[in-house]
Each structure stands twice: as structure tokens, then as C-alpha cells.
Amino acid sequence: MARATADIVVLGLGAMGAASLRALTLRGARPLGIDQFAPPHDFGSSHGETRITRCATGESEALAPFALRSQAIWREIEAETGARLFVDCGCLLISRPNDVGERHGRSAFLERTVAAARRYDIAHELLDADEIARRHPQFRPRDDEQGYFEPGAGYVRPEAAIAAQLDLARAGGATLRLGARVEALRIPRGAGPVEIVTGEGVIEAGRVVVSAGAWAAGLLGPRLAALLRPTRQVLHWFPVLAQREAWAGGPTYIWMHGTGPTDFFYGFPGLDGEAKCASETYEGCERPDSFDRVVAPEESRAMAARHLEGRLAGIGSRAARAKTCLYTQTPDSQFVIDAHPDCDRVLIVSPCSGHGFKHSAAIGEAAAGRVLDGASRLDLTPFALGRFAA
Ligand SMILES: Cc1cc2nc3c(=O)[nH]c(=O)nc-3n(C[C@H](O)[C@H](O)[C@H](O)COP(=O)(O)OP(=O)(O)OC[C@H]3O[C@@H](n4cnc5c(N)ncnc54)[C@H](O)[C@@H]3O)c2cc1C
């Protein structure tokens, strides 16, 4: 079998890998990036046209610096390339106050979001139900619901962000090997290279960033696979039939409307006459290559009936289109960014749990710091594997 060597390899070039690859080249490294497909693509976690970005992160205050830094990086890349990556249309969170529903990482989300906004001095407004409906006639909140509005939030265009970062990485000296599937990762317990096994041969790497998203579980060994659970998610696009101006000029939004783990949904402004909405599901899909990618019409009908009817005005109840996508869920719905327990030259950058894109540019920068300096400016300790030791 052919053997080659590389100093630094980034395995997986989606949201996290593209950001890491670019950040490494900015620091003067010449990494090799490998992907089984040609990102951006529709098979992993980073497609579907839009991703909400907001900086007051109710999931964990530790994430806010990553969202803030990522927004700054999107703007730097826009200035450098002319691409449009980040649209700051605002984000509205609607919830009943003191809602302590058992949601994955999102209990008391309104209060935790406001606390994060105050701690990091993030501009925001608190709105009552009348004010939400006055400003946004496409939303019909109940009298006891309240809103947190972050004007500097909005959405990122994931495919454009990945493409721009990969272009910049290539221009900065990275080598990209696309359409190359890594069959196995041989991680040494001590000294010696990390072996990356592909169909074309083995690459002996000095350091490896594993940013393989939903496939990471299959590459990192059973102990880590137990912590990284791919789940099937569905995105729905509903036609905008009325309230067109409100939809077109509207914010992104997250709506918590019950106390169960899936009693919430989120959505985007009406883009090209379609309003994209989604909720979450936690059904595992053990094999990211072979799960059911077809969305049955009943799934979109159920989405409309359970979440949208009575809350959103002006959209049709039959989806114009729908797509599947993958989350990689950790036990606490937070991220894993840490060295592999057997080898500190393998850095796991597998932060999905459904809320990673908004942080990805800064995570890439932090990953480059960890690989090149052994440390990063932003604190990665909240994402360490040690928290699962018990
Ligand atoms: C439906 C949905 C909605 C979301 N909404 C939001 C949102 O609004 N806001 C937000 O911040 N986040 C959101 N997220 C989460 C966010 O999109 C993810 O956290 C992020 O995209 C994860 O990126 P990644 O780089 O880890 O994975 P991916 O982008 O999937 O990248 C992994 C890459 O690794 C490659 N790869 C894997 N295995 C191999 C192998 N063996 N050999 C070669 N290449 C390999 C894959 O081909 C892929 O390109 C959402 C996710 C989903 C699914």
C-alpha cells in the first residue's frame, strides 16, 4: 500500500474542518485537508442554505465568545472575498418566562439567554406578546409568552461560508484531497505518526484534526463513539402565501411552546417566497451513510400541525420541499473539542449537538491554536472530554 507523510491533516472539511484549515494557513501552516465528498455538500450537517447565529447563547455562556468572534470572522471573509455569508436580520426568541422544560441543553432558555446577553454586553430588547405581534404580524404569540430580540443576530449561509473558507485555505497553501474517504484512523498510544488509511494508501500524519461530524464516531473508537450519537433531522420549506413583507423582512426565530424535549421549533425569514422551519428529533441513526434521507410528506404535515398552526400566519401548511440533515448529539448537548485520550496529537473537533455552525469560524481558529501552540485564545476547557469521566 502506498505511504505518504503530512505534518498536519484536517480530516473532514465541513463547517469545522473548513474553518480549521483556513485558520491553520493564516498561521503559516500548510495542512492537508481530506474529505470523502466535495464540500459544501448535502450529506452531513452543514447544508440547507441558512443557520441561525446569535451571540447570547442560552445553551451555555461559555459559547458566547465563540459566536461573537465567528461573526467578526464572517465579516473579515466577506471583505476579503466579496461573498455574502452573514445576514444580520436579528433573532427573536419566544418563550414563556421561567420555562424549565426538559429540553436538550435549553431549559430556562429565555432567562439563560438574557443572562448571557447581560454578561457579554450584547445588545438586546425584551418584548411582550403585544409588541411581538405589532412588530411581526407573521407571529401569533400567546398572551403569556415573551420575546428576547437580539438585533445583531441573524443567519449564516453555510454552503457559502464553507466554500469561501476552503478557497482561502487553498490560496493560503493548503492541499485539498476531495472524494477521498478515510477508512480508518490508527491512533498510536505513544510516539509515532497517526496513520490515516484511505483507499489509495496510508498517510502518516504528525498531527490530525478530526472534524468528521457525524462520521467521527466511526473513526475514533468505541469509547468516543458512545459519546457521539448521529441523529436524523428534517428541514422544511413552507410557501409564504400572505404577510409577504413581514416574512421577507423578518428575523430568524426560536419558539419554545411547551415543556417536552421537542416542544420547540425555529425558522428563518421568508427567502425567495419560502419560509424554512424545523424542530428537532433525537432518533439515532447509527450509520450516517445509510439512514433514510427521504422526507415523507407526512413528516412536513406533522411539523405544520404540531408547531406552526396557530403560531405562524401567512404560510401554507403543505411544504414546498424538505431535506434531511445530521446532528451529532453528545450526552449533555454540548461540544467535544479536545485531544484524543490516547494521543494528544489528535484533536477532536466534533461540536454539533445541533448548534455548532454559529461558532464554527472561531472554533477553527481555536483548533489552529491548539494544534500549533498547544493553547487557544478562547477557552476550550468547557468542551473537554473529562466532563464525561464519571
Ligand atoms: C438541520 C440542522 C439545523 C441546524 N441549525 C443550526 C443553526 O441554526 N445554527 C447553528 O449554529 N447550528 C446549527 N446546526 C448545527 C451545525 O450545522 C453543525 O454543528 C455543523 O454544521 C457541524 O459541522 P461539522 O464540520 O462538525 O460536520 P460536517 O459539516 O458534516 O462536516 C464533516 C465532514 O467530514 C467529512 N468526513 C466524515 N467522515 C469522513 C471520512 N471517513 N473520510 C473523509 N471525509 C469524511 C464529511 O464528508 C463532511 O464533509 C444545525 C444542524 C442541522 C443538521
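Where is the place of Pro 40? I looked it up: Pro 40 sits in the loop between strand S2 (32–35) and S3. I take strands as DSSP runs of E with at least two residues, and helices as runs of H or I with at least four, numbered from the N terminus.

**Entry 1: ground rules.** I am reading a predicted model, where local features need pLDDT of at least 70, side-chain atom pairs count only at pLDDT 80 or more, and totals for chains, interfaces and linings use all residues. Residues are numbered from 1 along each chain as its sequence is written, and side-chain values use heavy atoms, with hydrogens and water left out.

**Entry 2: the S2–S3 loop.** I checked the peptide bond between Pro 39 and Pro 40, and it is cis, with omega about 0°. I then found Glu 49 in the loop between S2 and S3. Glu 49 is not a glycine, yet its phi is positive, about 80°.

**Entry 3: around the ligand.** How many residues surround the ligand? I noted 36, and the closest are Asp 35, His 41, Ser 46, Arg 51 and Cys 325. To be near, a residue needs a heavy atom within 4 Å. I sorted the shell into 19 nonpolar, 13 polar and 4 charged residues. Here Ala, Val, Leu, Ile, Met, Phe, Trp, Tyr, Cys and Pro count as nonpolar, Asp, Glu, Lys and Arg as charged, and the others, Gly among them, as polar.

Helix H1 (15–26), strand S3 (51–53), strand S13 (229–239) and strand S17 (321–329) each give the shell at least two residues. S17 has the largest share, 3 residues. I also see at least three shell residues from each of domain 1 (3–46 + 158–228 + 333–388) and domain 2 (91–151 + 230–329). Those bounds come from an automatic or database domain assignment.

**Entry 4: ligand oxygens.** I looked for N or O pairs within 3.5 Å. An oxygen atom of the ligand lies 2.7 Å from an N or O atom in the His 41 side chain. A ligand oxygen is 3.1 Å from a polar backbone atom of Ala 15. For a polar backbone atom of His 355, the distance to a ligand oxygen is 3.5 Å. Taken alone the ligand exposes 1000 Å², and the protein buries 98% of that (Shrake-Rupley method, 1.4 Å probe).

How values were computed. Polar contact = N/O pair within 3.5 Å; in protein donor to acceptor, adjacent residues only side chain to side chain.
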